[in-house]
Amino acid sequence: MSDVKFEKDMEATTESTDDYVLHLPRPLNLEEKKYLLAVERGDLPNVKRLLQLANKGKGKQLDMNCVDSLGRGALTLALEAENLEMVELLVVMGVETKDALLHAIDQEFVEAVELLLEHEELLTANQVIENAEKEIIHSWQKVDPASARYPMDMTPLVLAAQRNNYEILKLLLDRGATLPMPHDVRCGCDDCLQAATGDPLRLSSTRISEYKALASPSLIALSSTDPLMTAFRLSWELRELAISEPESRGEYMKLRRQVEKQVFHCRECSPDILFLYTLI
Ligand SMILES: [Zn+2]
């Protein structure tokens with residue numbers, strides 16, 4: 001009897017281990033190890049040779065999108081090494097970009113951001129040609145949520161704004177990226193109602209993430225015709241949010257201080273602003 005119980009316990013343990021193992025990258029074969037090592041070392045000729053063989057189906061089972069034990073693929077390694085030539089080679093040879101654009105923005109690797117944006121535009125154009133009615137799915141949304149490095153609702157513009165990188169923000173806005181529009185706390189639209197019944201905490205963290213982006217001085221300077229007035233309005237909204245979402249009060253007040261610092265900085269440039277400042 002006890003033996004049977006023991007076996008059952010063993011089965012249960014094996015099952016739960018399998019669940020866990022599912023999210024771990026599979027071990028690399030020798031060819032893939034050579035490939036990732038060559039990428040890491042910046043060995044362009046060897047990487048090119050291995051990828052050409054893989055593309056012709058002659059490679060020894062080389063998956064060009066393989067990842068190492070830390071979940072880093074070839075593009076991640078090339079971005080980490082800030083090797084633009086390698087990034088370009090990998091993209092041209094057909095390695096999936098996935099969240100590489102977010103990674104490049106996170107690292108503030110401007111040239112790579114530009115290259116990956118151009119590539120994304122091509123992919124988007126192809127999707128439109130293939131099926132105009134379908135919603136566009138961007139590369140960075142095609143990541144397994146279990147191993148995603150960034151929150152699933154993260155966008156290039158929000159990340160660039162959070163890094164407050166003027167150059168990257170300008171690139172994104174010039175290419176038509178739109179500003180985040182956080183919904184009101186009491187918003188009753190279908191999206192908010194669905195999100196609130198599913199995971200209210202996520203809804204709240206998405207809102208904070210979007211306000212963090214909107215509070216970026218570079219984004220305000222680039223996107224507003226009247227940056228000072230935008231900062232005033234934002235400061236007001238953040239105060240309201242700190243009251244209506246007490247669990248995130250600390251975060252909203254910190255952002256408000258950041259925005260007010262900008263206002264104060266501008267105020268020194270123009271005495272007329274003093275009057276406006278007294279209103280908030
Ligand atoms: Zn809403």
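I looked up what covers the buried residues of α7 and found that the cover includes α4 (74-80), α5 (84-92), α6 (100-106) and α9 (166-174). I note that the model is a predicted one.

I then listed the buried residues of α7 themselves: Ala-112, Val-113, Leu-115 and Leu-116. Around the helix axis they cover an arc of only 165 degrees, which places them on the same side of α7. I recall that an α-helix has 3.6 residues a turn, so residues three or four places apart point the same way. On the other side of α7 I found Glu-111, Glu-118, Glu-121, Leu-122, Ala-125, Val-128 and Ile-129 exposed.

I checked the length of α7, which runs over residues 110-130. At 1.5 Å a residue, its 21 residues should span 30 Å, and the end C-alpha atoms are 30 Å apart, so the two values agree.

I turned next to α10 (residues 190-198) and α11 (residues 200-214), whose axes come within 5 Å and cross at roughly 125 degrees. The crossing lies between the 115 and 145 degree limits, and α10 and α11 are therefore oblique to each other. In this contact, Cys-192, Ala-195 and Ala-196 of α10 meet Pro-200, Arg-202 and Leu-203 of α11. I sorted these contact residues into five nonpolar, no polar and one charged.

Finally, I looked up the chain as a whole. I recorded 15 helices and zero strands in the protein chain. Of its 280 residues, 26% count as buried. Among contacts with a separation of 6 or more, 64% join residues 24 or more positions apart.

Conventions:
Residues numbered from 1 in each chain as written. Predicted model: local features only at pLDDT ≥ 70, side-chain atom pairs only at ≥ 80, totals over all residues. Helix = DSSP H or I, 4+ residues; strand = E, 2+ residues; numbered from the N terminus. Expected span 1.5 Å × (residues − 1). Buried ≥ 20, exposed ≤ 12 C-beta atoms within 10 Å, placed from the backbone. Arc of directions from axis to C-beta. Contact = placed C-beta atoms within 7 Å. Axes fitted to C-alpha atoms, helices over the stretch in contact; angles between N-to-C directions. Parallel < 35°, antiparallel > 145°, perpendicular 65-115°, else oblique. Nonpolar A, V, L, I, M, F, W, Y, C, P; charged D, E, K, R; others polar.
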